[in-house]
Amino acid sequence: MTQYSAPSRRTVAKGALLAVAALLGPAASAVAAGRSAALRLPAPTGPHPVGLRTFALTDTSRVDPWEPAAGVREVKISVLYPARSARAVLRDCPRAPQLTPDEAGVFAVLAPLVHPGLPEAGVDWGAVLTHGHVDAPPLPGRRPVLLYSPGGGDSRTLGTTLAEDLASHGRVVVLVDHPGDASQVELPSGMRTTVLRGDPDPETFRTMIDTRVADLRFVLDRLGDLPLAPVMDLRRIGAYGHSAGGTAAVHALAGDDRITAGVNLEGYLDLDPDLVARLDRPLLMFRTDGFECAARLERSWAGVPARRVLLTDAGHWVLSDYAHLVPQLQTAGLVTAGTRNALVGAGDTAATTALVRHGVRAFFDHWLRAPAPPARPRRAPQ
């Protein structure tokens, strides 16, 4: 979610966690059975089908900052990649749901609290399918790798549409969840829900970004150990993110020479101005004309060496999968026009999505065409 948005855009009441606990019990199936709206994500536009694999990784060098009693830091990732197109192969590799059944039950409770105006009932969140075929054989060849960090409070799967499009055009995309920050993450150790309550104070925001950057760097460290490592060209790495994820992506870009280029989807850049001012790698930044904190965003971007794109008639969440989900909810009569405008804007979200897809794809195509130069010595950010 937006780092310093209004309280109504961030608040997660304590009572919600009690409701979550209830949903994880026997009542969950009964609640799910009452949902009706069928939501769909748009298909990717590239020539390749998309494969998907999910991994849970453990960083034994860190204690989880949000839940120290849990001990080591756990991170969840989804890896999307161009897959072989044989029909018989894909038939045996089902399309993955956007959320697991347990995640969907938790999200059904949290959604109207994280994003006021989203429906409290009437949606089967667990029925939303991605276009990623689970465990599909990858297309041979080494391909550029893109890391994605979602908006604060969001799970990685809300960046599915853009990631699938990039993968269908020949990239390997790694969606990174940040447990404790994300609305919900299903880990081997159990379900983690967001710790965020109201506007994050400066210390909380610092913890969010520092934790996200550490998560991204840890995932980079582990990519070479994954079963999909043979199709990854780790000399060609990009990072992108939405809102708080955009902030984290730029910080990772500025502080880790393994990353060649980055895209910031409407994230503030005033947390570490000196670090950002030293940025010497390519950066593309998108912003919407409907963002409620536009003045702060513009101030934080002033002087940052980057190409900028303004999206008109658009709201902050048009840069995530809400661009597609919210208009469908409006059509079904489950959200108002006011909610739609507040979240994704009144404009044509399909056209905005096409512009973002093309812009991000072309940017990374240009800068990841060849392997990055050797890393230069640089003091890591503190």
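The points below take up the salt bridges in turn.

1. The model is predicted: local features need pLDDT of at least 70, side-chain atom pairs count only at pLDDT 80 or more, and totals for chains, interfaces and linings use all residues. Residues are numbered from 1 along each chain as its sequence is written, and side-chain values use heavy atoms, with hydrogens and water left out.

2. A salt bridge is a side-chain nitrogen of Lys or Arg within 4 Å of a carboxyl oxygen of Asp or Glu. By this rule, the count is 23 salt bridges.

3. D135 pairs with R53, the closest N and O atoms lying 3.3 Å apart. Helices (H or I, at least four residues) and strands (E, at least two) are DSSP runs, numbered from the N terminus. D135 is partly exposed, at 47% relative accessible area, and R53 is also partly exposed, at 27%.

4. R62 forms a salt bridge with D215, with closest N and O atoms 2.7 Å apart. R62 belongs to strand 1 and D215 to helix 6 (residues 202–222), 153 residues apart. Both R62 and D215 are buried; buried means under 20% relative accessible area, exposed over 50%, and partly exposed in between (1.4 Å probe, protein chains only).

5. A network of salt bridges links D59, R62, D64, E67, R73, R192 and D215.
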